[in-house]
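Subject: Structure handover

Hi,

Here is the structure I promised to pass on. My notes follow below it.

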Amino acid sequence: MTDLAVLAVGFGVLPVAAVLLTMFRGWIGSHPEATWGGLAGVLAFLGLSHAMALVLEDKPFLFGGTNELATAAFLVTGLGLGGVVAWFLFEGPVVRTEPSKIAWVAVAFLALHSFGDGLLLGKDFVGVALIPAVRIDSVTISATVVHRFLEGSIVMVPALAAAWKPRSSALVLLVCLVSIPAAYVPGWLAASLGLVAGTGATMALSSFLAAAEGTFVLLMIVRGFLPIAGADRGTRWIAWTAIGFIGISLVHFLVE
Ligand SMILES: [Zn+2]
């Protein structure tokens with residue numbers, strides 16, 4: 001039997017490894033088209049393709065599948081909330097200096113996305129406690145490592161640009177640990193509401209967060225990453241954005 005605790009902790013801490021990118025600070029700083037462009041492609045997959053696929057897939061089952069209008073209103077609220085929070089972080093008075101601003105937005109993304117990832121991980125353990133539907137082999141593990149490392153990089157690249165100290169970067173990267181408690185939420189909901197209602201509640205929660213992530217990431221890409229990727233390096237950033245998108249898609253093909 002696979003232990004949820006072992007998986008959740010292993011999965012949770014992986015993004016912190018991205019602090020190692022500090023060793024390549026020089027290269028990262030001089031190749032914005034590859035780093036910011038590539039990560040824009042990664043973000044497009046994670047936040048738009050992956051998150052929105054989850055929203056569309058779960059939509060027919062929300063609220064017992066009986067209330068189309070309530071479902072639409074619920075998901076639009078999620079989409080709107082993601083946009084408002086991203087706008088506030090970018091244009092509001094909280095963080096004033098530019099590269100730091102993007103780094104903080106990325107930290108918020110990492111927290112939101114990690115929570116969603118944790119929910120998905122925990123969902124596989126509900127109702128099938130003895131034989132979880134989680135496939136564990138070297139391909140899945142390496143793909144998961146790459147996936148979580150790239151999520152950490154989404155914070156580290158702006159953090160390096162903002163000249164954050166490695167220690168501060170490592171500290172903020174710890175927000176990725178919210179995936180650990182999140183992995184226990186589906187089991188807890190099923191235990192307290194019953195299997196059917198609990199699974200429904202988990203689905204509603206993860207679709208709402210995925211909808212919020214969709215708009216949040218859209219603004220991150222257009223306001224945060226692409227302007228830097230394309231600032232002064234010709235057109236190579238376009239290719240890098242495509243490479244980032246295809247690369248992270250491939251990683252997910254190997255896991256899912
Ligand atoms: Zn993820």
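Which residues does Met220 touch, not counting those up to four places away in sequence? They are Leu43, Ala86, Val105, Phe109 and Phe225. Before the details, one caution: this is a predicted model.

**Overall fold**

The protein has ten helices and zero strands. From the N terminus on, the elements run α-α-α-α-α-α-α-α-α-α. The radius of gyration is 18 Å, and the globule rule gives 18 Å for 256 residues, so the protein is as compact as a globular protein of that length. Along its principal axes, the C-alpha trace spans about 55 × 40 × 30 Å. Of the 256 residues, 46% count as buried. Contacts reach across the sequence: among those between residues at least 6 apart, 87% join residues at least 24 apart.

**The core**

The largest nonpolar core holds 73 residues. Leu43, Ala106, Phe109, Ile154, Val155, Met220 and Phe225 touch the most other members. Helix 9 (residues 195-229) supplies the largest share of this core, with 13 residues. In soluble globular proteins, nonpolar side chains tend to be buried together.

Back to Met220, which sits in helix 9. Met220 has 28 other C-beta atoms within 10 Å; the cut-off for buried is 20 or more, so Met220 is buried. Trp87 is 133 residues from Met220 in sequence, yet their C-alpha atoms are 9.2 Å apart.

Ala106 is another of the core residues with the most contacts to other members. Leaving out residues up to four places away in sequence, Ala106 touches Ile154, Val155 and Pro158.

**Helix 4**

Helix 4 covers residues 68-91, 24 residues in total. Its first and last C-alpha atoms are 34 Å apart, close to the 34 Å expected at 1.5 Å a residue. Its buried residues are Thr71, Leu75, Gly78, Leu79, Gly82, Ala86 and Leu89. They pack against helix 3 (32-58), helix 5 (98-123) and helix 9. Ala86, on this buried list, is also one of the residues that Met220 touches.

**Helix 6 and what follows**

Helix 6 (residues 138-161) also has 24 residues. At 1.5 Å a residue it should span 34 Å, and its end C-alpha atoms are 34 Å apart, so the two values agree. Where does helix 6 bend? The bend is at Ser153, by about 30°.

After helix 6 comes Ala163, in the loop between helix 6 and helix 7. Check its backbone. Ala163 has a positive phi of about 55° although it is not a glycine. Most residues other than glycine have a negative phi. Is Ala163 buried or exposed? Ala163 has 10 C-beta neighbours inside 10 Å, so it counts as exposed.

Ser168 lies in helix 7 (residues 166-173). With 13 C-beta neighbours inside 10 Å, Ser168 counts as partly exposed. Ile248 is 80 residues from Ser168 in sequence and 27 Å away in space, C-alpha to C-alpha.

**Helix 10**

Arg236 lies in helix 10 (residues 236-255). Arg236 is partly exposed because it has 14 other C-beta atoms within 10 Å.

Best wishes

Technical notes. Residues numbered from 1 in each chain as written. Predicted model: local features only at pLDDT ≥ 70, side-chain atom pairs only at ≥ 80, totals over all residues. Core = buried A, V, L, I, M, F, W, Y, C linked by C-beta atoms within 7 Å. Buried ≥ 20, exposed ≤ 12 C-beta atoms within 10 Å, placed from the backbone. Helix = DSSP H or I, 4+ residues; strand = E, 2+ residues; numbered from the N terminus. Contact = placed C-beta atoms within 7 Å. Expected span 1.5 Å × (residues − 1). Bend = angle between axes of the 7 residues up to and from the residue. Rg over C-alpha atoms; globule rule 2.2 N^0.38 Å.
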